[in-house]
Amino acid sequence: MSDEPRNPDLEDSIEKIDRAIGGDHSEANIDALKQAVNFSWPEIQKHLIEEAAREHGDVADPYEPYWTTNSDGTRTLHASADAWWLKDFKREDVLMALPGVVIMNTKLWHVRSVCISYRRAYGINEDEDCEDCFDKQDIEAHIERFPEGQFAAQLISGPNAGHCAGMATTMRASRPPTDPILPWLEAIGGMRLGKHEADGDWLYGVEMAVHPGYRGQGIGAALYEARFALVKHLNLRGMYAVGMLMGYRNVAVDALKWRQKRAVKKLLAKKADRYSTPDDRYKANTELEDFPKYADLMDVREYGEKVIARAIKDPTVTMQLNRGFRAAGVVTEYVDEPAAGDAGVLIVWENADYET
């Protein structure tokens with residue numbers, strides 16, 4: 001059981017939360033409840049688990065199931081469904097906090113959940129064969145090779161607390177972005193980052209993925225900020241990556257006349273609305289098939305150049321440019337990704353604080 005000193009501020013918050021749940025809906029108690037749900041929920045849960053174990057006396061590990069004997073001689077099993085992640089969660093490991101989510105360096109206890117969120121981001125089932133997907137052993141190898149360069153976005157509240165909503169993989173490289181860009185697998189040296197150079201002065205963005213159920217909540221932006229912070233911390237020249245042109249086979253919204261554009265945007269909204277019925281989404285998909293795709297109108301290099309010129313909004317690259325990267329050109333035949341025509345845009349972020 002933890003020997004950490006009792007935290008009066010935490011216990012005060014718990015008392016306020018208890019009062020709010022019990023019917024005292026004063027502004028202070030409601031604020032305490034929101035604070036706990038958004039940022040302090042792990043600490044609240046850990047406190048309650050350890051407090052319960054403390055009340056029962058000699059419990060070796062409150063995060064493992066344990067038995068107590070009641071006054072009538074019967075025995076009671078105590079176990080917390082959340083203990084599997086709370087036991088390893090430490091606030092000092094948090095790099096950045098969002099409402100209900102924290103960005104951390106990926107730990108071994110994150111690995112399985114990171115793999116799941118990574119596959120979900122690409123629409124690949126957990127048991128589906130995928131030669132180009134990182135598996136559990138790959139992620140473990142990344143952590144061993146370059147622990148501070150691996151990132152997980154972990155949920156800390158809600159029904160999926162403990163699981164990861166996103167991930168990012170990086171490595172260090174001496175090869176600058178001005179050199180010819182190698183195909184992805186060759187550039188990283190295989191699925192276990194064999195080309196990572198411990199003294200490389202550039203951070204190479206190997207992969208980033210956000211679970212589709214948690215997009216639009218700032219997780220991707222936070223993962224970028226965590227990587228920029230690492231570049232500054234390590235005094236690297238900067239970071240570069242190839243942002244895949246994931247909108248290449250989407251409906252050519254930016255090439256349509258305004259009436260068609262408005263109709264397409266309505267269909268896309270219906271398709272994305274989580275409250276739409278399956279029939280509504282199916283009809284929206286069917287109707288969208290009648291509109292031309294960017295791939296029908298131009299080759300992928302022209303598409304990429306228009307994205308760079310801001311004439312077309314790409315769901316991945318435009319977002320990356322809005323995060324502070326500059327576009328350094330279109331890269332074709334980078335990785336097998338049909339949705340992007342196997343192509344992307346070289347994106348570069350220079351460290352203004354770099355010291356030689």
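Tutor: Let's start at the cavity, follow a strand out of it, and finish with a few spots elsewhere.

Bear in mind that this is a predicted model, so to speak a computed one: local features need pLDDT of at least 70, side-chain atom pairs count only at pLDDT 80 or more, and totals for chains, interfaces and linings use all residues. Residues are numbered from 1 along each chain as its sequence is written, and side-chain values use heavy atoms, with hydrogens and water left out.

There is one cavity of 30 Å³ or more in the structure (a set of points on a 1 Å grid over the protein atoms alone where a 1.4 Å probe fits but cannot get out). The largest cavity holds about 40 Å³ of space, counted as the volume filled by probe spheres set on the points. Its lining, meaning residues with an atom within 4 Å of a point, is made up of Thr106, Val114, Ile139, His142, Gln150, Phe151, Met167, Ala168 and Thr169. Strand β6 has the largest share, with three residues. Sorted by class, the lining has five nonpolar residues, four polar ones and no charged ones.

Thr169, one of the lining residues, stands opposite Glu207 in β7. Strand β7 covers residues 202–210, and nine of its nine residues are buried, that is, under 20% relative accessible area, whereas exposed is over 50% and partly exposed in between (1.4 Å probe, protein chains only). Strand β7 also pairs with β8 (residues 238–244), this time in the parallel sense and over four bridges. Here Tyr204 stands opposite Tyr240 in β8. Between the two strands comes helix α7 (residues 219–233), and β7, α7 and β8 together make a right-handed β-α-β unit (with the strands pointing away from the viewer, the path from the first strand over the helix to the second runs clockwise).

You'll find Leu108 in the loop between β4 (101–105) and α4 (111–121). Leu108 counts as exposed because its relative accessible area is 58%. Leu108 and Glu144 are 36 residues apart in sequence, yet their C-alpha atoms lie 9.6 Å apart in space.

Arg310 has a positive phi of about 70° although it is not a glycine. Arg310 belongs to the loop between α11 (300–308) and α12 (317–322), and with 46% relative accessibility it is partly exposed. Glu333, also not a glycine, has a positive phi of about 50°. Glu333 falls in the loop between β9 (326–331) and β10 (344–350), and at 68% relative accessibility it is exposed.

How values were computed. 1 Å grid on protein atoms, 1.4 Å probe; cavity = no way out; pocket = protein on both sides within 12 Å on 5 of 7 lines; lining within 4 Å. Nonpolar A, V, L, I, M, F, W, Y, C, P; charged D, E, K, R; others polar. Pairing = 2+ DSSP bridges.
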